[in-house]
Amino acid sequence: MTTNQATYQVLVGNVGTVYSGLDGVEAVQTYMIYIDRSNMGGRAYGETVTLIREGEIVREHIGWVDQQAD
């Protein structure tokens, strides 16, 4: 049996992959949680958070670390 479900990943700057799976709702929730963490502090503070669906970027929050790369 072949599945037509999309695969999702959430990547966070220096943290790495924080979600990988088939649940789009969970992927978006994880993405939003890590945007909060990027803005508030901790290991993800200032990091870029990227939501990927089937290998393509769907949403991206550019953290201050990458904004200062110029």
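**Ground rules.** I number residues from 1 along each chain as its sequence is written, and I leave hydrogens and water out, since side-chain values use heavy atoms. As the model is predicted, local features need pLDDT of at least 70 and side-chain atom pairs count only at pLDDT 80 or more, while totals for chains, interfaces and linings use all residues.

**Sheet.** I looked up the strand order and found an open sheet of 4 strands, S2-S1-S3-S4, with antiparallel pairing; strands (E, at least two residues) and helices (H or I, at least four) are DSSP runs numbered from the N terminus, and two strands pair if DSSP finds at least two bridges between them. The edge strands, each pairing on one side only, are S2 (16-21) and S4 (56-61). I then followed S1 (residues 8-12) and S3 (residues 49-53), which pair over 5 bridges in the antiparallel sense, with Leu11 opposite Thr50 in S3.

**Glu47.** I placed Glu47 in the loop between helix H1 (24-40) and S3. A polar atom of the Glu47 side chain lies 3.3 Å from the backbone nitrogen of Asn14. Contacts (heavy atoms within 4.5 Å) of Glu47, not counting residues up to four places away in sequence, include Val12, Ser38 and His61.

**Thr48.** The side chain of Thr48 reaches the backbone nitrogen of Gly63 at 3.1 Å.

Key:
Polar contact = N/O pair within 3.5 Å; in protein donor to acceptor, adjacent residues only side chain to side chain.
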